[in-house]
Amino acid sequence: MEIDIFTLFPEAFEWFRSQRHIRSALAAGHRLGFVNYRDHTPLSGGQVDDTPYGGGAGMVLRVDVVEAALRARYGEDPTTLRDRRRVVALDARGRVLDEPLVVELTREPTLTLLCGRYEGFDERVLEHFASERVSIGRYVLSGGELPAMVLCDAVMRKLPGALGHEDSALEESFSAALEGAPEYPHYTRPAVYRGWRVPEVLLSGDHARIRRWRLEQSRARRAQSATIGARAPEPSDCNPRAAGAQRPLS
Ligand code: SAM
């Protein structure tokens, strides 16, 4: 798989690139490339953003700057690029990343990720260049770099060659092997710690029993998380002035 990440901060990915599963995926032939919007801006002084029409706080990442970076990398009009490869804009309002989307993206031979900054992209980037918007959750981060790392990590650890044990990515939370349920609990030595015992079945050596127990645990966790997930957030849950939150600086 070939992934290109468009960002103003390619250096933010240095730690990510150094992780063993990412190094292993790259050594196995997968590719992770970076394009800095600033290296291709047609504006003077390395300008990439501008004030929002209509006024308001913050700066907006310019559409001509994003176009120039995409053209420099792919040598074509970015309005047609999305017909032949997925161009994902990281956006808090997008489709929320989950296991089915990760699996879908893992099947793509190429991916382009666009990281926003400041107040985000000029809307025309999202309308005309991106094939889709992906969010890592309903909260706002300062930039698309962490979301891009989250997406890449979830996708790349599934690629052949990334993990030491290929089976690790097969049977884990939300995988088909566990019928989409959360993973069962794990334990390791010591078998008793402060009086807390590892479930007897795991010490039994009876693999068929262990398998049944693990599936039961997964299903029970799914039933439990369905109950928790059923509660939609109240507007008051999102109020930063609620008890415990800091007052804004005046
Ligand atoms: N003004 C935007 C809003 O209210 O939705 C927030 C912009 S945010 C400060 C800057 C950039 O960070 C976004 O353009 C996006 O690329 C990225 N970003 C922030 N939160 C994100 C999330 N939850 N998922 C994906 N990307 C996110």
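This is a dialogue on reading the main features of a predicted model.

Reader: What kind of model is this, and how are its residues numbered?

Author: Residues are numbered from 1 along each chain as its sequence is written. The model is predicted: local features need pLDDT of at least 70, side-chain atom pairs count only at pLDDT 80 or more, and totals for chains, interfaces and linings use all residues.

Reader: How many helices and strands does the chain have?

Author: Helices (H or I, at least four residues) and strands (E, at least two) are DSSP runs, numbered from the N terminus. Here the chain has eight helices and nine strands. Its C-alpha atoms fill a box of roughly 70 × 50 × 30 Å, taken along the principal axes.

Reader: What is the strand order in the open sheet?

Author: Two strands pair if DSSP finds at least two bridges between them. The open sheet has five strands in the order β2-β1-β6-β5-β7, and the pairing is parallel. At its edges are β2 (31–36) and β7 (132–135), each of which pairs on one side only. From one strand to the next the twist averages 35 degrees; axes are lines fitted to C-alpha atoms, for helices over the stretch in contact, and angles run from 0 to 180 degrees between N-to-C directions.

Reader: How many bridges join β1 to β2, and how many join β1 to β6?

Author: Six bridges join β1 to β2, with Glu2 opposite Arg31 in β2. Five bridges join β1 to β6, where Ile3 has Leu111 as its bridge partner. Further along the sheet, β5 (residues 86–96) is joined to β6 (residues 110–114) by four bridges, and Val88 stands opposite Leu113 in β6.

Reader: Why is β1 described as largely enclosed?

Author: A residue is buried if 20 or more other C-beta atoms lie within 10 Å of its own, exposed if 12 or fewer, and partly exposed in between, with C-beta atoms placed from the backbone. Five of the six residues of β1 are buried, so the strand is largely enclosed by the rest of the structure. Over the chain, 24% of the 250 residues count as buried.

Reader: Why does Ala226 count as exposed?

Author: Ala226 has 10 C-beta neighbours inside 10 Å, and therefore counts as exposed. Ala226 is in helix α8 (residues 207–229). Between Ala226 and Pro52 there are 174 residues in sequence and 41 Å in space, C-alpha to C-alpha.

Reader: Which residues of the largest nonpolar core touch the most other members?

Author: In soluble globular proteins, nonpolar side chains tend to be buried together. A nonpolar core is a set of buried Ala, Val, Leu, Ile, Met, Phe, Trp, Tyr and Cys residues joined through C-beta atoms within 7 Å. In the largest one, of 41 residues, Val66, Val88, Leu113 and Leu114 touch the most other members. Elements that give two or more residues to this core include β1 (2–7), α3 (63–74) and α7 (145–156). The largest share, six residues, comes from α7.

Reader: Which residues come nearest to the ligand?

Author: A residue is near a molecule or strand if its C-beta atom, placed from the backbone, lies within 6 Å of it. Of the 20 residues around the ligand, Leu90, Gly116, Gly120, Gly144 and Pro147 come nearest. Strand β5 supplies the largest share of this shell, four residues.

Reader: How is the chain divided into domains?

Author: Domain bounds come from an automatic or database domain assignment. That assignment gives domain 1 (2–156) and domain 2 (171–228). The C-alpha centres of domain 1 and domain 2 lie 37 Å apart.
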